[in-house]
Amino acid sequence: MQREVDAYISQFKEGYFSPLALMARLTEEAGELAREVNHHYGPKPKKPDEPDSSIEMELGDLLFILICFANSLGIDLTEAHDKVMAKISTRDKDRWTRIEQPAE
């Protein structure tokens, strides 16, 4: 995904936005996701004139901006994911109630 986004962004002279601009975009997209979740699961229905959107598309927008952010800073998201999973697997290994596996 990072290579695909980079190939897309590399077509344009402007390149990636600054980290501050990307943070603002990330926050904006998170707000749009929150709005969709509220419409879908919360008590706030959409207004009749509000455009259709979906949780899936808002998550996709967030993912795109996160990838842009990582690319602009030279961060490999696979490595970041692996490090976070190792941290969580160690730190939180006994935090939650595990589903018992059936006996073989």
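Colleague: How far apart are the mean positions of the positive and negative charges of the chain?

Modeller: First, a word on the source: this is a predicted model, where local features need pLDDT of at least 70 and side-chain atom pairs count only at pLDDT 80 or more, while totals for chains, interfaces and linings use all residues. Residues are numbered from 1 along each chain as its sequence is written, and side-chain values use heavy atoms, with hydrogens and water left out. Lys and Arg count as positive, Asp and Glu as negative, and His and the chain ends are not counted; each charge is placed at NZ of Lys, CZ of Arg, CG of Asp or CD of Glu. For the 13 positive and 20 negative charges, the mean positions are apart by 6 Å.

Colleague: What order do the elements of the chain run in, from the N terminus on?

Modeller: Helices (H or I, at least four residues) and strands (E, at least two) are DSSP runs, numbered from the N terminus. The chain has four helices and zero strands. From the N terminus on, that gives α-α-α-α.

Colleague: What is the radius of gyration of the chain?

Modeller: It's taken over C-alpha atoms, and the globule rule is 2.2 Å times the number of residues to the power 0.38. A compact globule of 104 residues would come out near 13 Å, but the chain has 19 Å.

Colleague: How much of the chain counts as buried?

Modeller: Buried means under 20% relative accessible area, exposed over 50%, and partly exposed in between (1.4 Å probe, protein chains only). Out of 104 residues, the buried share is 18%.

Colleague: Which residues form the aromatic cluster?

Modeller: Rings of Phe, Tyr and Trp (its six-membered ring) pair if their centres lie within 6.5 Å; planes under 30 degrees apart are stacked, over 60 edge-to-face and the rest tilted. The whole structure holds two aromatic pairs. Tyrosine 8 and phenylalanine 12 have ring centres 5.3 Å apart and planes at 70°, so they pair edge-to-face. The cluster is Tyr8, Phe12 and Phe64.

Colleague: Why does the pair of tyrosine 8 and phenylalanine 64 tie together parts that are apart in sequence?

Modeller: The two rings have centres 6.5 Å apart and planes at 70°, so this pair is edge-to-face. Tyrosine 8 sits in helix H1 (residues 2-9) and phenylalanine 64 in helix H3 (residues 55-73), so the parts they tie together are apart in sequence by 56 residues.

Colleague: Is glutamine 101 buried or exposed?

Modeller: Its place is in the segment after helix H4 (77-91). With a relative accessible area of 68%, glutamine 101 is exposed.
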